[in-house]
Amino acid sequence: MSGSEFVPLSLTPLLIGIFVAVACALPGNFLVLRRQALIGDAISHVVLPGIVVAFLVTGNVATWPMLIGAASAAVFAVGAIELVRRLGRIEPGAAMGVVFTSMFAAGVLLLEQSDTSSVHLDVEHALYGNLESLIWLDASGWSSLVDPVALAGLPVELFRMAATLMGVVLFTVLFWRPLKISTFDEGFARTIGIKTQPLGLALVIVSAIAAVAAFDAVGSIIVIAMFICPPAAARLMTNSLEAQVLWSVLFAVLSAVVGYVLSGYGPLWLGYTSTVSAAGMIATVSGLILTVAAFWGPHRKRGGAPQAAG
Amino acid sequence: MILDALLLQLGYNATLVTIGATLLGMAAGVGGTFLFLRKRALVSDAISHATLPGVGLAFMVMVLLGGDGRNLLGLLAGAALTAGIGLLIVHWLTTRTRLAEDAAIGAVLSVFFGFGIVLLTVIQSLNVGQQAGLEGFLLGSTAGMLRADAVIVAVSAGLTLVLVVLLRRPLTLASFDPEYAAATGQNVERTDLAMMGLVLAVTVVGLKIVGLILIVALLIIPPVTARFWTDRTDVVVLASGAFGGGAAYIGAAISAGVPDMPTGPIIVLAGFTLFVVSLLLAPQRGVLAAYLSHRRFQRRVHLRQGLLALAQGQPIYEKLTLRLLRRAGWARKDGVATDEGRARAGKALLDETRWQLVRRDPSFEAAAALYDGLLPIERVLTADQIVEIDKRIPAPQGVPT
């Protein structure tokens, strides 16, 4: 394929896909190890009421109100889950189920009740986004990468996702040691003076930020997949957290690239003219990677003491 | 209009859908209770999302065979198939690999859903011109439902409810005490499988009414709501069925009677309203009840401490204590005890002194464990024991006058 076609049509979606995948997979490693993997699921559902309320308040679909609305909905949901869990003395999974389904239902209802026909805001878009549409119209080939006029026309999602990824990487690197210790042995972490509760909350908030930023570009389903599948597959490959994080990044990039290419070009190779959903394909590929890891990963079984038969 | 809908006066289809939704809500409430008691509520989320590729595949197969792609029975069969596969994968990942159940659930739900989206876009590009209904499975759509489909939904919801009722005894036992169930010879693994089968049936039947994203709410919210009202399993099961049925009935009726009210979200929000009311108002486990009992306890502690202070002639500075003593008529405004107050104070001091002696004596260990600073000692010891304790009180006994 020539650069004149690839650069404007595929380069930016591909890059955004990779950024999203890595930004979600990094905190996902800790969420999976802490058995909070479904937080990502909950957050990506409650983003919908957030953006609908932001739309109703501001009356347009500008980026910042949407992001702020989504982020506040995510924080609100985390608080509400905790509140329901404490007040009602309910197990966390059920508390989560009560809160996120209700908030999602409220979002759908608000959406149906309000006049959103003039703007591009619907449930399907929230679920599986539109990665393919984030094209770079000003580019004409590889030479555009050094052309300032063309560079100015890059989709804003690219910069936003890059910034989010940087933030997530920074958080992971800066808090690596406390995160690692508190994930594996919370009691020990507390005795050496790590504030585990704020740290856990910070992890959830960083995940929420990654989810919200990614959601705008690619929809929520890919967010859930990237939070869980690459880290879970990486978990089956190694016993060391450092290696696990590297594996998960590799798997995330692999899912994004292979998924995007398959969705854009796979049908063409098979003789069809149209493409399939890139977000769905990336999620599917990450699932295939997890399948391979579950069958052949060197550390797929539980280690340590022998398990009871079952 | 809403009243018409609630009284099932809105025509044959709407009535069928409302009845079907109510039956489904009851089945979901009862079936969800067992999931909730086994702390596996979110497994249903994986099952429901895993139905999407089945719907897509069934549609494609039916179109390829030259049939009508929208045949509801065929679509539901496909949904049940992939949901079953998803369920088995969750089970397999949890037991055969080191992954925890939440990671397995998240992996299955996102991957199956993603693949389902891929299939939906493939179907769109097939240009067979009848795919319009498939998106309805995401959020449910009862508007303009065909009569045959409404009958299918109502009948299968009824069948699911019958199934739940038949299976309730073994399910109750296994979800409440799996070890005991196994010891009495019950095959707990098979019961678990039956429970998951039930959840699967509820999910698949609910696809058309509530949609696959929100069906999990119907399985989780009613049991959580019912749990506030009682500690007995059988009552939780019944109440949960009632809450689920009620929410579904109200939701379906409102949605049929008022324009722009999608069925699934309304049902979920009706259930959530019941949940919030229960969270706040339920006796014993509700927030209001907990607050009131906290206040009652606080008052007793303040009164007791106030009486002890009166008995020992100490001044009381705590405003709440003074107010409570005055309201009980045991002290005057300036903190001086009334006659009744003096009597009660003496009694409290004697009680406290006896308790101190009891707590010092190892032979009263069992009784001493009950000490909380409020319990009168007469409730714990017999009269004889109290007489014995009283002998040890260092009072001026036997002093010659």
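These legends describe several close-up views of a predicted model.

**Figure 1. Overall form of chain B.** Chain B is built with 18 helices and zero strands. Its radius of gyration is 31 Å, whereas the globule rule gives 21 Å for 401 residues, so chain B is more spread out than a compact globule. Along the principal axes, the C-alpha atoms of chain B fill a box of roughly 115 × 50 × 35 Å. Of the 401 residues in this chain, 47% are buried.

**Figure 2. The contact between chain A and chain B.** Chain A puts 53 residues into the contact, and chain B puts in 48 residues. On the side of chain A that touches chain B, the elements giving two or more residues include helix H2 (38-58), helix H3 (63-88) and helix H4 (92-113) of chain A. Helix H5 (123-128), helix H11 (220-235) and helix H13 (278-296) of chain A also belong to this group. H4(A) gives the most to this side, with 13 residues. By residue type, the side of chain A that touches chain B has 30 nonpolar, 14 polar and nine charged residues.

**Figure 3. Helix H2 of chain A.** H2(A), one of the elements on the side of chain A that touches chain B, has 21 residues, which should span 30 Å at 1.5 Å a residue. The C-alpha atoms at its ends are 31 Å apart, which agrees with that value. Is H2(A) mostly covered or mostly uncovered? It is mostly covered, since 17 of its 21 residues are buried. A:Gly59 follows H2(A) and has a positive phi, near 85 degrees.

**Figure 4. Two arginines with positive phi in chain A.** Most residues other than glycine have a negative phi. A:Arg35 has a positive value, near 60 degrees. This residue is in the loop between helix H1 (3-33) and H2 of chain A. A:Arg35 has 14 C-beta neighbours inside 10 Å and therefore counts as partly exposed. A:Arg89 is not a glycine either, and its phi is positive at about 50 degrees. The loop that holds A:Arg89 lies between H3 and H4 of chain A. Is A:Arg89 buried or exposed? A:Arg89 counts as exposed because it has 12 C-beta neighbours inside 10 Å, and the cut-off for exposed is 12 or fewer.

Figure 5. Helix H7 (residues 156-174) of chain A has 19 residues. From its first C-alpha to its last it reaches 27 Å, close to the 27 Å expected at 1.5 Å a residue. Which residues of H7(A) are buried? They are A:Glu157, A:Met161, A:Thr164, A:Leu165, A:Val168 and A:Phe171. Seen down the axis of H7(A), these buried residues fall within an arc of 125 degrees, so they line one face of the helix. Turned away from the buried side is a face with the exposed residues A:Val156, A:Phe159, A:Met166, A:Leu170, A:Val173 and A:Leu174.

**Figure 6. Confidence along chain A.** The average pLDDT of chain A is 84, and 93% of the residues score at least 70. Over residues 305-310 of chain A, the pLDDT is below 50. Beyond near neighbours in sequence, this stretch has two contacts in the model.

Notes:
Residues numbered from 1 in each chain as written. Chains lettered and ligands numbered in written order. Predicted model: local features only at pLDDT ≥ 70, side-chain atom pairs only at ≥ 80, totals over all residues. Helix = DSSP H or I, 4+ residues; strand = E, 2+ residues; numbered from the N terminus. Rg over C-alpha atoms; globule rule 2.2 N^0.38 Å. Buried ≥ 20, exposed ≤ 12 C-beta atoms within 10 Å, placed from the backbone. Contact = placed C-beta atoms within 7 Å. Nonpolar A, V, L, I, M, F, W, Y, C, P; charged D, E, K, R; others polar. Expected span 1.5 Å × (residues − 1). Arc of directions from axis to C-beta. pLDDT = per-residue confidence, 0-100.
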